[in-house]
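Keep it brief and tie each point to named residues.

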Amino acid sequence: MIVDLRSDTLTRPVADMLEAMFQAKVGDDVFGEDPEVNRLQTMTANMFGMEAGLFCPSGTMTNQIAIKINTQPMDEVICDKRSHVYLYEGGGMMFNSGVSVRLLDGHRGILSPEIISEGINPDDIHLPRTRLISLENTCNRGGGSFYTLPQIKEISILAKKEGLKLHLDGARVFNALVETRENPAEYGKYFDTISVCLSKGLGAPVGSILLGSAETIKAATKIRKVFGGGMRQAGYLAAAGIYALDNHIDRLKQDNLKAKIIETVMRQSYVIEEVIPVETNILIFKPQKKWKTDKELLIWLNERGIKASSIGNGYIRFVTHLDITEAMIDYTLTVIHSFAKA
Ligand SMILES: *Cc1c(COP(=O)(O)O)cnc(C)c1O
């Protein structure tokens, strides 16, 4: 059996999603004429209490567009040091937007107004102008840690007071929302821009949506064109996104639960040095080096059909998702049980 826990981007469209894609009524989306794309954008904007949405090929693109429209060259962006926008977008914000970045150290990637305040530059000609705060919910490198609405509200109050824009990289925001049971429509009150991925645990093959005011999304559409992200009959992909939003949100709770089950068993193994408490669908742990390094354990797991990834400093990451069945979890637990004897 192969259990691929490397990423929740590995999900493949289910049969009904493919059927919805085949049935899509399409048009040229660069002309704004694809009904399915328009429906997806409106639907997501409504869901998050935002005026408008923009369908893009990737979450990297939605983040990069958001940073571009919320800043001017020479501005500074504040984010946690574990942020995807900083670590995993190839230095894009410096290249695309000409901004510098102030890295903060939140608790498992979760920032507080106190921590953020320390990163805001005073008005001084020597210093870059702090312009944008970027939050990540859930935080991937934080081990799937998440913000609650009261935490977001506090940060938004600070941002408004300081005249800063607030962006959310919500690649896995629904993994957080199924835990907090909060209403996504509340998010619209606090953020200037929100990026939501359809291609992670929601199970669509491609796509992310950028949300904001009508004016913001008009500007974003221009930037998407310039970044080469204007797609034509994208309705086939949008139809997959609509299907995902209609059918795959509530079930994320099961992915989170599966990660918790693995965590519980992992904690019983004395060859595991550390397990970061699971909050959503990401499990980060570290084997004891004198037993196996992370690299050695990955090979050992791979020989047993379990695929995972190393995230540095001796840590391994498991991500549960739509394509991980109960039988696969049972098998994974059996393999982990054998750790103690290994
Ligand atoms: C996956 C991910 C993205 C977007 O990634 P793409 O592969 O470009 O769609 C952005 N932020 C976070 C936190 C992610 O995990």
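## Strands, rings and ligand

Strand S10 is largely enclosed by the rest of the structure, because five of its six residues are buried. The model is a predicted one.

**Strand S10 and its neighbours**

S10 has a partner in strand S9, residues 272–275. The two strands are antiparallel and share three bridges. Val275 has Phe285 of S10 as its bridge partner.

Ile282 is placed opposite Val319 of S13.

**Strand S13**

How many residues of S13 are buried? Five of the five are, so S13 is largely enclosed by the rest of the structure. Its side chains point two ways. Tyr315, Arg317 and Val319 point one way, while Ile316 and Phe318 point the other way. All of them are buried.

S13 is joined to strand S12, residues 309–312, as well. Three bridges link S12 and S13, and the strands run antiparallel. Ser310 has Ile316 of S13 as its bridge partner. The S12 and S13 hairpin has two residues between its strands. Asn313 lies in that turn, with a positive phi of about 55°.

**Aromatic pairs**

How many aromatic pairs does a search of the whole structure find? It finds five. What describes such a pair? A pair of aromatic rings is described by the distance of the centres and the angle of the planes. Two of the pairs are set out here.

| Pair | Centre to centre | Angle between planes | Geometry |
|---|---|---|---|
| Phe285 and Phe318 | 5.1 Å | 80° | edge-to-face |
| Trp291 and Trp300 | 6.2 Å | 70° | edge-to-face |

Why does the pair of Phe285 and Phe318 count as edge-to-face? The planes of the two rings are at 80°, and the cut-off for edge-to-face is over 60 degrees.

Where do these two rings lie? Phe285 is in strand S10, residues 282–287, and Phe318 is in strand S13, residues 315–319. The pair therefore ties together parts that are 33 residues apart in sequence. Phe285 has a relative accessible area of 0%, so this residue is buried. Phe318 has a relative accessible area of 2% and is buried too. The cut-off for buried is under 20%.

Now the tryptophans. Trp291 is buried, and Trp300 is buried as well. The ring of Trp300 also has a charge over it. The charged end of Arg304 sits there, 3.8 Å from the ring centre.

One aromatic cluster is made up of Phe48, Phe174, Tyr187 and Phe191. Phe48 belongs to the loop between helix H2 (35–47) and strand S2 (52–56). Is Phe48 buried or exposed? Its relative accessibility is 0%, so Phe48 counts as buried. Phe48 and Met74 are 26 residues apart in sequence. Their C-alpha atoms are 31 Å apart in space.

**The ligand site**

Which residues surround the ligand? They are Ser58, Gly59, Thr60, Asn63, His84, Glu136, Asp169, Ala171, Arg172, Cys197 and Lys200. Helix H3, residues 59–70, gives the largest share of this shell, with three residues.

Thr60 has a polar side-chain atom 2.6 Å from an oxygen atom of the ligand. Asp169 has a polar side-chain atom 2.6 Å from a nitrogen atom of the ligand. For Arg172, a side-chain N or O atom is 3.0 Å from an oxygen atom of the ligand. On its own, the ligand has 380 Å² of accessible area, and the protein covers 84% of that area.

**Glu162 in helix H7**

Glu162 is part of helix H7, residues 149–162. Its relative accessibility is 37%, so Glu162 counts as partly exposed. Glu162 and Ile120 are 42 residues apart in sequence. In space, the C-alpha atoms of Glu162 and Ile120 are 8.4 Å apart.

Key
Residues are numbered from 1 along each chain as its sequence is written. Side-chain values use heavy atoms; hydrogens and water are left out. Rings of Phe, Tyr and Trp (its six-membered ring) pair if their centres lie within 6.5 Å; planes under 30 degrees apart count as stacked, over 60 as edge-to-face and the rest as tilted. Helices (H or I, at least four residues) and strands (E, at least two) are DSSP runs, numbered from the N terminus. Buried means under 20% relative accessible area, exposed over 50%, partly exposed in between (1.4 Å probe, protein chains only). A charge sits over a ring if NZ of Lys or CZ of Arg is within 6 Å of the ring centre and within 35 degrees of the ring normal. Two strands pair if DSSP finds at least two bridges between them. A residue is near a molecule or strand if one of its heavy atoms lies within 4 Å of it. A polar contact is a pair of N or O atoms within 3.5 Å; within protein, one must be able to donate a hydrogen and the other to accept it, and residues adjacent in sequence count only if both atoms are side-chain atoms. Accessible areas come from the Shrake-Rupley method with a 1.4 Å probe; for residues, only the protein chains shown count as cover.
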